[in-house]
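Here is a friendly briefing to read alongside a protein model.

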Amino acid sequence: MDYEDDHLRRVLKTTKVIACVGMSTNPVRPSYYVGRYLSLKGYTVIGVNPGQAGKTAFGQTVVASLADIPPKANVDMVDIFRRPDAVPAIVDDALTHLPDLQTIWMQIGVSHAEAARRAEAKGITVIQNRCPKIEYQRLFGELRMGGFNTGIVSSRLPLH
């Protein structure tokens, strides 16, 4: 899927609280280091994983389901680290239980056209088959500092 850089940048700049569905508390798992990275960038990251519920990650208690996140948490993005066949139920739960939801983000290798259409019909932004950590690094200059060609040319370091 193609997404305009300005669109991705806007999503990443306006997001404050991320529910990371399928997040592990095991530091070698990709879901853990993506969550950790995002928390270090100032996002509040709430892990959602029934097998990890009650543990703490990045200063937040991991919950078993999206329904267990209190409305006052103001979750505005759901980041999905699950197989595509799990996406419809996750999208339904997010639409039901997260009143401040703005974005559903599906990780690399995860997409579900019908669930995406349902969310978009409710006014939710959907991004599929992308990683917010990689996009953040690419769009805000951190990959460039590692020698990667990001396609973004600037003589200034990012302000964000």
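The points below go from the overall chain to its aromatic rings, a strand pair, and then the spaces inside.

This is a predicted model, in which local features need pLDDT of at least 70 and side-chain atom pairs count only at pLDDT 80 or more, while totals for chains, interfaces and linings use all residues. Residues are numbered from 1 along each chain as its sequence is written, and side-chain values use heavy atoms, with hydrogens and water left out.

**The chain as a whole**

- The protein chain has six helices and seven strands; helices (H or I, at least four residues) and strands (E, at least two) are DSSP runs, numbered from the N terminus.
- Reading from the N terminus, the elements follow the order α-β-α-β-β-β-β-α-β-α-β-α-α.
- Of the chain's 160 residues, 46% count as buried; buried means under 20% relative accessible area, exposed over 50%, and partly exposed in between, with a 1.4 Å probe and protein chains only.

**Aromatic rings**

- Searching the whole structure turns up four aromatic pairs. Rings of Phe, Tyr and Trp (its six-membered ring) pair if their centres lie within 6.5 Å; planes under 30 degrees apart count as stacked, over 60 as edge-to-face and the rest as tilted.
- One of these pairs is Tyr 37 with Tyr 136, which is edge-to-face, with 5.9 Å centre to centre and 75° between the planes.
- Tyr 37 belongs to helix α2 (residues 30-40) and Tyr 136 to helix α5 (residues 132-139), so this pair ties together parts that are 99 residues apart in sequence.
- Because Tyr 43 lies in the loop between α2 and β2 (44-48) while Tyr 136 is in helix α5, the pair ties together parts that are 93 residues apart in sequence.
- Tyr 37, Tyr 43, Tyr 136 and Phe 140 make up one aromatic cluster.
- The charged end of Lys 133 sits over the ring of Tyr 37, 5.2 Å from the ring's centre. For this, NZ of Lys or CZ of Arg must be within 6 Å of the ring centre and within 35 degrees of the ring normal.

- The buried residues of α5 include Pro 132, Lys 133 and Leu 139.
- After α5 comes Gly 141, with a positive phi near 85°.
- In helix α2 you will find Val 34, which is buried with a relative accessible area of 4%.
- Val 34 and Asp 79 are 45 residues apart along the chain, and their C-alpha atoms are separated by 10.0 Å.

**A parallel strand pair**

- Strand β5 (residues 77-80) and β6 pair in the parallel sense over four bridges; two strands pair if DSSP finds at least two bridges between them.
- Asp 79 stands opposite Trp 105 in β6.
- From strand β6 (residues 103-106), Thr 103 and Trp 105 point one way, Ile 104 and Met 106 point the other way, and all are buried.

**Pocket and cavity**

- The largest pocket holds about 260 Å³ of space. On a 1 Å grid over the protein atoms alone, a cavity is a set of points where a 1.4 Å probe fits but cannot get out, and a pocket is an open set with protein on both sides within 12 Å along at least five of seven lines; lining residues have an atom within 4 Å of a point.
- Helix α2 supplies the largest share of the pocket's lining, four residues.
- The structure has one cavity of 30 Å³ or more, and Ile 69, Val 75 and Leu 98 are among the residues that line the largest cavity.

Notes
Points joined across faces, edges and corners; volume = space filled by probe spheres on them.
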